[in-house]
Amino acid sequence: MVVASAPGKLVLFGEHAVVYGYPCIVTAVNRRMYVEVETNGTDVFHMDAPDVGLYAYSKTIADLGGEGLPKGVRFVEEVYRRFLDAHPQKQGINVVTRSEFSADYGFGSSSAVTVAFARALTELYKVPMSEDELFELCYESVLKVQGVGSGFDIAAAIWGGTIYFIHSPRLIERIEVKTLPLVVGYTGVKADTPTLVRMVAHRMSQKKELTIGIMEQISQITQRARVALEASDWKMLGGLMVDNHALLKKLGVSSDELERLVEAVFKVGYGAKLSGAGGGDCMIGVGKDMEAMKQGIEMAGGKVLPVELQAEGVRLE
Ligand code: PMV
């Protein structure tokens with residue numbers, strides 16, 4: 001039996017712009033997805049994902065893929081189908097997943113499970129793959145299932161740490177950050193990333209110049225944020241968060257809940273912004289007084305998520 005795990009992620013800067021070829025900065029969080037895989041001597045793919053209510057899912061490996069797959073299995077099944085296309089095998093597998101974080105937080109449970117499963121597969125069948133090849137396999141699978149996405153979350157799950165990411169031509173650079181003293185607040189509202197990405201795409205088609213202008217400003221902020229992170233200049237980072245958030249608001253992806261939390265942290269810290277696609281999920285903030293920022297989040301109706309950042313990338317357990 002092989003067990004692999006991969007971390008979730010939080011976008012720090014550059015969300016949405018990254019879909020259009022601009023950079024983003026993403027950090028891995030210390031909530032992991034664990035995937036156990038073993039061959040089962042039959043031609044059946046069998047999966048349990050109790051965290052998402054999926055029990056005893058099974059089908060023959062010849063029937064993998066197709067439309068209307070249950071949510072908990074889609075990514076894993078697509079990776080497996082692609083893997084078997086390239087490296088045919090006779091024996092099927094049993095898969096069990098275990099999550100350390102609620103899928104509601106938007107920490108990227110899909111990308112983490114995809115990467116952890118792909119890594120476990122390559123180990124189980126002894127098919128060596130470079131990290132770049134692993135990225136391709138996972139990214140293609142996620143795109144097939146989800147239709148949209150830059151792949152930044154896959155990069156965070158594979159490489160871990162804090163990463164400067166450009167979708168195309170692909171650039172993945174580790175940023176050396178000593179500490180990352182951010183607060184993370186959850187709005188309590190689950191956001192649907194593909195819907196928000198499509199919303200921005202619609203905006204791009206309607207108001208192209210204006211939207212590209214916003215993306216370019218976000219890109220400049222992201223590049224300056226990299227400098228601030230490397231210098232541990234938290235005041236500068238906070239200011240950049242405020243600017244980035246204002247542009248995301250202009251894109252129309254903030255929400256009342258996000259505004260309340262961002263405002264509350266901004267009042268007592270250096271700055272705050274939404275993190276991810278928007279519409280809900282999480283926000284991040286930076287400042288001197290951690291306790292005051294945490295209190296601000298709670299008072300504004302949010303939940304403080306005690307996560308550590310810059311977690312290790314995919315690994316065998
Ligand atoms: O909602 P999240 O945390 O998965 O972040 C989405 C980030 C986007 O830039 C909006 C989409 C993407 O795939 O890059």
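Contact here means heavy atoms within 4.5 Å. The model is predicted. In these terms, the buried residues of helix H3 are covered by elements including helix H1 (74-86), helix H2 (109-124), helix H4 (152-159), strand S6 (162-166) and strand S7 (171-174). The residues of H3 that are buried are Leu134, Phe135, Leu137, Cys138, Tyr139, Ser141 and Val142. An α-helix has 3.6 residues a turn, so residues three or four places apart point the same way.

Helix H3 comprises 16 residues (residues 131-146), which at 1.5 Å a residue should span 22 Å; the C-alpha atoms at its ends are 22 Å apart, in agreement with that expectation. Just after H3, Gly147 adopts a positive phi of about 85°.

## The four-stranded sheet

Four strands form an open sheet in the order S9-S10-S8-S11, and their pairing is antiparallel. Strand S9 (271-275) and strand S11 (303-304) are the edge strands, each pairing on one side only. S9 and strand S10 (residues 282-286) run antiparallel and are joined by five bridges. Within this part of the sheet, Ala272 stands opposite Gly285 in S10.

Two helices pack on the sheet. Helix H8 (residues 256-268) touches strand S8 (182-186), S9 and S10, and its direction makes about 155° with that of S9. Helix H9 (residues 290-299) touches S8, S10 and S11, and its direction makes about 10° with that of S8.

## Packing of H5 and H6

Helix H5 (residues 193-206) packs against helix H6 (residues 208-230) at an angle of about 125°, and the two axes lie 5 Å apart. This angle makes H5 oblique to H6. From H5, the contact is made by Val200, Arg203, Met204 and Gln206; from H6, it is made by Lys208, Leu210, Thr211, Ile212, Ile214 and Met215. Classified by residue type, the contact of H5 with H6 has six nonpolar, two polar and two charged residues.

## Pro50 in the S3-S4 loop

Pro50 lies in the loop between strand S3 (44-49) and strand S4 (54-60). Its relative accessible area is 36%, and Pro50 is therefore partly exposed, since that class lies between the limits of under 20% for buried and over 50% for exposed.

When residues up to four places away in sequence are not counted, Pro50 touches Tyr55 and Thr97. The C-alpha atoms of Pro50 and Leu121 are separated by 20 Å, and these residues are 71 residues apart along the chain.

Key
Residues are numbered from 1 along each chain as its sequence is written. This is a predicted model: local features need pLDDT of at least 70, side-chain atom pairs count only at pLDDT 80 or more; totals for chains, interfaces and linings use all residues. Side-chain values use heavy atoms; hydrogens and water are left out. Axes are lines fitted to C-alpha atoms, for helices over the stretch in contact, and angles run from 0 to 180 degrees between N-to-C directions. Angles under 35 degrees count as roughly parallel, over 145 as roughly antiparallel, 65 to 115 as roughly perpendicular and the rest as oblique. Ala, Val, Leu, Ile, Met, Phe, Trp, Tyr, Cys and Pro count as nonpolar, Asp, Glu, Lys and Arg as charged, and the others, Gly among them, as polar. Two strands pair if DSSP finds at least two bridges between them. The expected span of a helix is 1.5 Å times one less than its number of residues. Buried means under 20% relative accessible area, exposed over 50%, partly exposed in between (1.4 Å probe, protein chains only).
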